[in-house]
Amino acid sequence: MTNFPFGFGPGAGAGQPEDLGAAFQQLGKLLSWQGGPVNWDLATDLARQAVSASGDRSVSASDRRAVIDALRLAELWLDPATVFAASSTAAQAWSRAEWVEHTMTSWRALVDPVAGRVVESLANLIGSAQGPLGQLGLGQLGLAQPGPGEPGPGAPGPGEPGGLPPALQGIPGLPDLSALTGQMQQMMASMGGAMFGAQVGQALGGLAVEVMGSTDVGLPMGPPGTAALVPANVAAFGEGLGVPEDQVRLYLALREAAHHRLYAHVPWLRAHIVEAVAAYARGIMVDTSELEEAMGRIDPMNPEALQQALTGGLFEPQDTPEQKASLARLETALALVEGWVDEVVDAAATPHLPGAGALRETVRRQRATGGPAEQTFASLVGLELRPRRLREAAALWRAVLATRGVEGRDAVWAHPDLLPTASDLDDPEGFAAGGSAPLDLSGLDATTAPPEPDDPAAPLG
């Protein structure tokens, strides 16, 4: 069921003045948001509501102990499989609501660049004198701007103060249209923030029901150095697999711990992925012709119709060659991360867990397709944090291991210039053979030492 953050839904407020008043009060609160391109207060509230509706339960003492023990054992099993030492400073078990709380800051760092570019484009278009709402403001004065190539009487000329023609300047009571334009831009920025906040909140609330830990999207999303699992989701993941629950928990703990080791010992990796997202955002182009056509059919004084338009794909950016290149870089980086984790965890789990093979295949399929909430999030911001080429990346790391050994494989992460490219994923044996000479690891500790612990609330990247 669709949530209407403005308080408007089918039949809302009809014949109920008190409800309508409350709805407008909520609308005023939403439009006063000035904390960035996404209303994160709204996103957090809606995510919590979605989690509550899912039947979230508190983490019991036994669940917490089981998770902590699994993460500690996972660290021991990983030691022979990688040269990267244990990195997590804390092991935690989270409820779904706690997952939302602990990861929200990191989601903000990922979503804001994309949302900011879209909201900026919309505010500039809709709030301008030539935009649909700008036309509405002029139309109230009988001064609607002519379209391109349509000169008409009453159109304000360049440099005319207030956007009014000379004959009307100075008349008491007439508004300064440049001031109105600024107000419209701010209004649309706030509305865009509310729309993104509503959709992000609903998507994250859905994700909270699907994820098993803090690293399910390919990078740690919780506080630095904190490995965590969500016991309720771990139990749901293992249903029907025919694998004992303790094995499921241990396998997922291995994946969680392996992600943390990699990111702790490759300090540039997090920024590398975040920059790929930011580069994608810089290339966003909004289809203004479609927007203008849609806005021409909307009554701006009808909040329900306006909200349905804004949540009906009107905000979706158009792909550009620059965006596609950025997405390719992001997908390759995520595939390399997931492929490395997949191989390292398999090496660590196989000697100890009889069900490791079945669990590996299940996780691979899930990461390749994503759940419903992940797909919703991808459609919202145009980003799929999914390793499409996980199997090819795993094959590449396996080939490098066979040629160079554990140290040589992990040394590839010493610098971004050493990483395989998308074309290397097509020829893993060629990449492995091309660097078969032993690599100098003398500077590895200096270049890949874990960063000093920082503020757990610090944003991602």
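Predicted model: local features only at pLDDT ≥ 70, side-chain atom pairs only at ≥ 80, totals over all residues.
Let me begin with helix α15, residues 390–411, which spans only 20 Å between its end C-alpha atoms, whereas a straight helix of 22 residues would span 32 Å at 1.5 Å a residue. The expected span here is 1.5 Å times one less than the number of residues, and helices (H or I, at least four residues) and strands (E, at least two) are DSSP runs, numbered from the N terminus.

Residues are numbered from 1 along each chain as its sequence is written, and side-chain values use heavy atoms, with hydrogens and water left out.

Where is the kink in α15 centred? It is centred on R404, and the kink is about 125°, the bend at a residue being the angle between axes fitted to the seven residues ending there and the seven starting there. R404 is also among the buried residues of α15, which include W397, G408, R409 and D410; buried means under 20% relative accessible area, exposed over 50%, and partly exposed in between, with a 1.4 Å probe and protein chains only.

Two of those residues bring us to salt bridges, where a side-chain nitrogen of Lys or Arg is within 4 Å of a carboxyl oxygen of Asp or Glu. As background, side chains of opposite charge can pair when their charged atoms come close. R409 forms a salt bridge with D410, and the closest N and O atoms are 2.8 Å apart. R409 counts as buried because its relative accessible area is 3%, and D410 counts as buried because its value is 0%.

R360 counts as buried because its relative accessibility is 14%. Salt bridges that share partners join D342, E343, D346, R360, R364 and R398 into one network.

Now to the cavities, of which a search of the whole structure finds 4 of 30 Å³ or more. On a 1 Å grid over the protein atoms alone, a cavity is a set of points where a 1.4 Å probe fits but cannot get out, and lining residues have an atom within 4 Å of a point. Grid points are joined across faces, edges and corners, and a volume is the space filled by probe spheres set on the points.

The largest cavity has a volume of about 120 Å³, and its lining includes M212, D216, H259 and R367. Helices α8 (245–265) and α13 (356–369) each supply at least two lining residues, with the largest share, 4 residues, coming from α8. By class, the lining has 4 nonpolar, 4 polar and 4 charged residues, where Ala, Val, Leu, Ile, Met, Phe, Trp, Tyr, Cys and Pro count as nonpolar, Asp, Glu, Lys and Arg as charged, and the others, Gly among them, as polar.

Technical notes:
1 Å grid on protein atoms, 1.4 Å probe; cavity = no way out; pocket = protein on both sides within 12 Å on 5 of 7 lines; lining within 4 Å.
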